[in-house]
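Thanks for coming. Let me put the model on the screen, and then I will walk you through it.

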Amino acid sequence: MIKINQYRLFLFPIFLFLIFSLLTAAGCRIERKGEQPAPAPQSKPEQQNNLTVPPQLQGLELQGGSESTSRKISKDVVIDYSAKYPKMVYLSGSKRTNKIALTFDDAPDNVYTPQILDILKQYNVKATFFVIGKTAQNYPDIMKRIVEEGHVIGNHSFNHANIAKLSPAEFAQDLDLAEQTIFNLTGIKTAFYRSPYGVLSDEIVKILDDKGYKIVAWSVDSLDWKGLTAEQVEANIFSNVTKGSIILQHSAGGPEEDLSGTVKALPKIIEKLQQQGYQFVTVDKLLNLPAEKK
Ligand SMILES: [Zn+2]
């Protein structure tokens with residue numbers, strides 16, 4: 001018996017050591033269970049200048065189509081909204097001024113926008129460019145050039161969707177995404193919005209008002225989005241321009257849009273209207289509104 005007890009006494013510390021080791025190992029495992037598991041590799045969301053495009057905007061066919069195929073909005077609709085919201089929707093400046101504003105939609109691209117910038121620089125004329133966020137990302141240098149050469153930038157949506165087909169939440173997301181994209185590229189928080197195809201609704205006006213925008217429409221449509229000749233573009237402008245006019249042209253468009261008429265007409269438009277006593281200004285100066293949000 002004594003021998004057996006001595007044997008047990010000898011084995012007891014080894015037994016204790018084994019139990020301790022087992023518990024320690026189990027403890028480690030319990031502790032590890034409490035840790036956050038390493039994240040599984042995920043597919044990267046679509047990145048736009050460090051911005052994540054919301055799933056609703058990724059999944060939808062938002063590009064509303066080219067101006068030439070989709071622009072069927074009646075001018076009367078825009079005029080109605082201007083009458084209803086005179087402090088939000090602007091068609092023109094004061095009729096008592098000789099100032100007028102050249103505006104170019106759908107900027108930027110690397111075909112027509114640089115040519116238009118060259119002509120504006122040559123004549124030292126400042127204009128307003130309404131920018132599509134999605135394409136702005138593709139041409140950051142042209143965005144910088146527009147700003148550096150003293151032109152004003154407005155928000156023309158991220159996707160150039162027909163915004164009438166978006167829910168208010170989707171419209172607000174598209175607006176914010178364009179705003180953030182323009183800000184990332186230029187450091188500017190633009191205060192002006194122009195709807196793709198001129199689409200407006202009470203809800204759209206309210207959202208833009210809440211977000212600190214003014215809506216800049218136009219009083220003279222060059223109709224250049226129809227792929228007109230320089231002579232036709234000139235005729236449309238010369239026959240409609242008056243004091244305070246906001247003139248609508250395009251500096252980019254869909255792949256099928258030919259804006260060479262716009263480029264060719266621009267020197268003559270500038271020269272002739274200056275000879276008639278008009279002064280070209282950016283829309284903030286025409287409307288006496290701040291060009292940027294604080
Ligand atoms: Zn447009």
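**A first look**

The chain averages a pLDDT of 82, and 74% of the residues score at least 70. pLDDT is the predictor's confidence in each residue, from 0 to 100. Two residues are in contact if their C-beta atoms, placed from the backbone, lie within 7 Å.

Some ground rules. This is a predicted model: local features need pLDDT of at least 70, side-chain atom pairs count only at pLDDT 80 or more, and totals for chains, interfaces and linings use all residues. Residues are numbered from 1 along each chain as its sequence is written.

What is the chain built from? It has twelve helices and eleven strands. These are DSSP runs, numbered from the N terminus: helices are H or I, at least four residues, and strands are E, at least two. Of the 294 residues, 39% count as buried (20 or more other C-beta atoms within 10 Å of the residue's own, all placed from the backbone).

H10 covers residues 230-238 and H11 covers residues 260-275. They pack at an angle of about 40°, with their axes 8 Å apart. Axes are lines fitted to C-alpha atoms over the stretch in contact, and angles run from 0 to 180 degrees between N-to-C directions. H10 and H11 are therefore oblique to each other. Among the residues making the contact are Val233 and Ile237 of H10, and Ala265 and Ile269 of H11.

Key:
Buried ≥ 20, exposed ≤ 12 C-beta atoms within 10 Å, placed from the backbone. Parallel < 35°, antiparallel > 145°, perpendicular 65-115°, else oblique.
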